Structures are given as C-alpha cells and as structure tokens.
Amino acid sequence: MGPVEPADLDSTYFEAAARARLPADIWDFMQGGSGAERTLAANRAQFEHCRLRPRTLVDVSTTDQSLTLLGSRLRTPIGIAPMAYHQLFHPEGEVATARAAGRAGAVMVAGIFASRTLEAIAEAATGPLWLQLYWLRRRDALAAVVERAEAAGFRALVLTVDAPRIGRRLRDARNGFAVPAHIRAVNLDQTLMAASHRSGQGSSGIAEHAREQFDPSLTWADLSWLRERSSLPIVLKGILTAEDARLAAEHGVDAVVVSNHGGRQLDGALPTLAALPEVVAAVPPTLPVLLDGGVRTGTDVALAIALGARAVLIGRPVLWGLAVDGEEGVARILALLKAELDDTLALLGRPRLADLDHTAVARPAGSAAPLATPTPDQCR
Ligand SMILES: Cc1cc2nc3c(=O)[nH]c(=O)nc-3n(C[C@H](O)[C@H](O)[C@H](O)COP(=O)(O)O)c2cc1C
Ligand SMILES: CCCCC(=O)C(=O)O
C-alpha cells in the first residue's frame with residue numbers, strides 16, 4: 001500500500017475543502033445553528049469535556065463494531081442523520097450518499113425533504129434505509145410518503161419532534177436563504193413546496209415553508225395515526241429529557257434519538273451528550289437510544305456508546321464529504337470515522353460495543369474515579 005492521503009487522516013480537511021467549494025449561503029445553511037449558536041457549540045464542547053478510562057492487558061486482537069438495530073444488521077454504529085436537499089451539495093444528492101452508506105454497512109436516514117426520489121435512493125442503497133418525517137398539515141401528503149417508503153423497502157420511520165417551527169437561524173435570515181429553483185423536495189407535492197424557493201423578508205424560504213406546511217398542533221395523541229398507517233418501526237428524533245423519553249416508551253415507540261437538531265432549533269437547549277444519561281435511564285433497556293449532534297471522531301462515538309447510546313448519527317461531516325467528492329467523499333468520511341472507532345475500541349481495552357459501558361468514562365472530567373452506576377451528572 002502507498003502512503004495514505006493526509007485528507008483521510010482528519011475530517012477537518014473535508015470541512016475546509018467543502019467550505020472552499022460551496023456558495024457562501026449554502027455553507028451557512030449547512031454549518032449554522034440557531035440564535036447565538038450556543039447549543040451548536042455546546043454539543044462539541046461536551047465531547048471535548050469528557051475523558052475515557054482505558055483498561056489494559058485485554059485481548060484486543062479482534063475488534064468488532066457491528067450490531068443489530070431495529071432488526072437490521074449493521075457493520076458500524078455510525079449512521080447518517082436525516083438532512084434535507086443533498087443536491088445542494090452534489091448533483092447526485094441522496095443517491096450518492098446512499099451508495100456510500102451501503103459500502104460502509106451503515107444505516108442511512110433519508111429526509112422527507114430529500115432531493116432524489118425514495119425509489120431512486122432505495123435502488124442505490126445496499127444497506128438499510130430509514131425515512132425521516134416532518135408532520136405536515138396535509139396528512140394525506142404525509143400518508144402518501146409513508147406508503148411509498150414502505151413499498152420502496154425503507155425499514156423504519158423517524159419522526160422529528162423538535163421542529164414545530166424552524167429555529168431562528170440568523171445566518172439564513174441575513175442571507176435571505178432560499179432553496180434554488182432546480183433543487184426540489186421531489187417526494188412531496190410541488191404545490192406544497194413553493195415557499196421554500198422564495199426568500200422572505202428577514203426570514204428564509206425554509207422557515208416560511210415550515211410556517212405554512214408543518215403542523216405545530218402535533219401531540220403525543222397523534223402518534224396513533226402514524227402507527228395505524230404503517231407497520232414499520234417508529235423512531236422519535238429530538239428527545240432531550242427523561243420526561244419525554246418516558247412518554248415515548250409509554251406510547252410504544254421503537255427507538256428514540258437524543259438530538260437537538262445539531263443546534264439548529266432551540267438555542268440554549270442542552271448538549272446531547274449531557275442529555276443522554278437521563279434519557280437512557282428513563283426507558284426500558286430494550287429500547288434503543290441513539291444520539292446525534294457534534295459527533296466528529298471515533299472517540300466521540302465511543303463516549304456516546306459508553307454513556308448508553310446504541311448508535312450515533314452523523315450530520316454535517318457527511319455533507320462535507322458529499323460536497324468534496326460525492327459518493328467517494330461520503331465513503332471516505334465514513335471509513336475515517338470507522339477506523340477511528342476501531343482504534344478507540346482497541347486502545348480503550350473494550351474490543352466490542354457491548355464492552356463499552358459507563359465505566360469507560362471518567363467523572364468528573366479528569367478524575368479517574370468511576371461511578372457504580374451512570375448518573376445524569378456523568379462528565380458534565
Ligand atoms: C443541512 C442540514 C439539514 C438538516 N435537515 C434535517 C431534516 O430535514 N430533518 C431532520 O430531522 N433533521 C435535519 N437536520 C438535523 C440532522 O438530522 C442532525 O440532527 C444534526 O445535523 C446532527 O448534528 P451534526 O450536524 O452536528 O452531526 C439537518 C441538519 C443539517 C446540517
Ligand atoms: C424545511 C426543511 C427543514 C430542514 C431542516 O430540518 C434543517 O435545515 O435543519
């Protein structure tokens with residue numbers, strides 16, 4: 001083997017390269033958060049704050065990051081978070097992302113605002129696909145998308161519950177960001193989408209569109225409507241508290257994603273790694289808890305799993321890879337994160353995901369003392 005490309009040693013290369021390629025308003029839409037971007041920063045800071053407790057003289061000649069999640073066999077606990085409009089980043093859009101996910105043995109969550117059809121994404125995919133939903137006022141449109149996803153072979157529905165409206169994204173408001181006319185949420189009736197393509201006064205097309213089309217009256221009682229329309233597992237994305245985790249379990253959901261939408265919704269919301277322990281403690285051990293927000297290295301993945309996540313989802317770095325080199329760029333990002341996690345498992349003396357528990361995390365940061373049980377305070 002020849003020398004490794006320096007780019008493949010560090011995801012920050014992809015971040016810088018994506019920035020150099022993308023128009024400034026698309027970069028801002030992707031990279032930005034809401035308000036003062038406090039939650040966006042806190043997601044990262046929380047990972048930086050936590051430290052690992054390595055064990056030695058453990059046989060790590062074989063490491064294994066595979067798992068089964070909602071009935072699907074995965075080669076890694078690192079999946080792709082749902083993100084709107086991948087064609088903003090590469091002409092092949094979600095089709096390229098799905099091919100790369102398949103190569104990595106990773107789950108991909110496609111967004112209801114995908115810019116390629118569900119059928120084209122499913123045809124390109126060689127691994128499991130889940131579909132993310134926003135609750136539209138037009139329930140007939142929502143029902144139609146669910147039916148198509150099921151027919152195309154999607155294996156779970158991920159309902160995003162942290163976006164009754166769009167957060168105050170100042171970069172998009174300043175830029176008057178609108179989705180370019182040639183990039184479309186092709187899985188939705190185009191008569192519903194017009195606002196996304198108009199920049200509003202002091203707002204973005206996306207915020208205007210959500211105001212028009214998202215149903216902010218959605219409550220727990222409505223989940224039965226979705227359950228009646230599909231036999232697919234239902235995942236709630238955007239849970240940050242023990243209270244909501246308990247309600248999710250009581251309402252029979254199949255998994256939850258601890259998420260603050262990558263700091264794009266409620267600014268000031270707590271970082272996901274800090275919210276994770278209370279959510280895990282509030283649900284039955286059989287209910288998978290996933291996490292997203294600020295996961296950038298294999299170390300971050302290990303920290304989340306040690307604190308109770310079954311898997312993690314990656315957002316922006318996937319789009320960096322997509323912007324840099326389409327399918328190949330996403331494949332390189334996923335390969336890099338998987339290689340980092342593999343090294344972490346070996347050097348941490350926990351060669352399998354099941355070996356990663358709260359004893360792998362120091363509390364408080366910098367202290368060597370483990371806890372008998374995880375607590376919501378762990379590594380805060
Ligand atoms: C450009 C962009 C578009 C997004 N679109 C959606 C979406 O359509 N639906 C959704 O549930 N989350 C969406 N998200 C949030 C991601 O699913 C995820 O929660 C977040 O990006 C994870 O944080 P990270 O980017 O720090 O990894 C989007 C995020 C970004 C950056
Ligand atoms: C109306 C599309 C919203 C996309 C989204 O969820 C995000 O940008 O975070």
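Student: How does the shell around ligand 1 split by class: how many nonpolar, polar and charged residues?
Tutor: Eight are nonpolar, ten are polar and four are charged. Keep in mind that this is a predicted model.

Student: Which residues come nearest to ligand 1?
Tutor: Out of the 22 residues around that ligand, the nearest are Ala81, Met83, Thr160, Gly262 and Gly315.

Student: OK, and which residues are around ligand 2?
Tutor: You'll find Ala84, Phe113, Ala163, Ile206, His209, Ala210, His261 and Arg264 there. By class, the shell of ligand 2 has five nonpolar residues, two polar ones and one charged.

Student: What does UniProt list for His261?
Tutor: The UniProt entry, which is unreviewed, gives His261 as "active site".

Student: Where does His261 lie in the fold?
Tutor: His261 is in a loop, the one that runs between β8 (255–258) and α11 (272–282).

Student: Switching topic: what's the overall size and make-up of the chain?
Tutor: The secondary structure comes to 13 helices and ten strands. The C-alpha trace spans about 60 × 50 × 40 Å along its principal axes.

Student: Which residues touch the most other members in the largest nonpolar core?
Tutor: That core has 117 residues, and the ones touching the most other members are Val235, Val256, Val258, Val279, Ala304 and Val312. Helix α13 (residues 316–347) gives the largest share of the core, 14 residues. In soluble globular proteins, nonpolar side chains tend to be buried together.

Student: What is Val312 in contact with?
Tutor: Setting aside neighbours within four places in sequence, Val312 contacts Pro77, Ile78, Leu290, Leu291, Asp292, Val295, Val301 and Ala304. Ala304 is itself on that list of core residues touching the most other members.

Student: Now the backbone. What's the phi of Glu37, and where does that residue lie?
Tutor: Glu37 has a positive phi of about 60° without being a glycine. Most residues other than glycine have a negative phi. Glu37 sits in the loop between α2 (24–31) and α3, and it counts as partly exposed because it has 17 C-beta neighbours inside 10 Å.

Student: And what about the phi of Leu57?
Tutor: Leu57 has a positive phi too, near 50°. Its place is the loop between α3 and β1 (67–69).

Student: Last one: where is Arg38, and what is it in contact with?
Tutor: Arg38 is in helix α3 (residues 38–49). Apart from neighbours within four places in sequence, Arg38 is in contact with Asp267 and Gly268. Arg38 and Leu270 are 232 residues apart in sequence, yet their C-alpha atoms are 9.3 Å apart. Arg38 has 16 C-beta neighbours inside 10 Å, so it counts as partly exposed.

Terms used. Residues numbered from 1 in each chain as written. Chains lettered and ligands numbered in written order. Predicted model: local features only at pLDDT ≥ 70, side-chain atom pairs only at ≥ 80, totals over all residues. Helix = DSSP H or I, 4+ residues; strand = E, 2+ residues; numbered from the N terminus. Buried ≥ 20, exposed ≤ 12 C-beta atoms within 10 Å, placed from the backbone. Contact = placed C-beta atoms within 7 Å. Near = placed C-beta within 6 Å. Nonpolar A, V, L, I, M, F, W, Y, C, P; charged D, E, K, R; others polar. UniProt positions renumbered as here; feature names shortened; annotations may be inferred. Core = buried A, V, L, I, M, F, W, Y, C linked by C-beta atoms within 7 Å.
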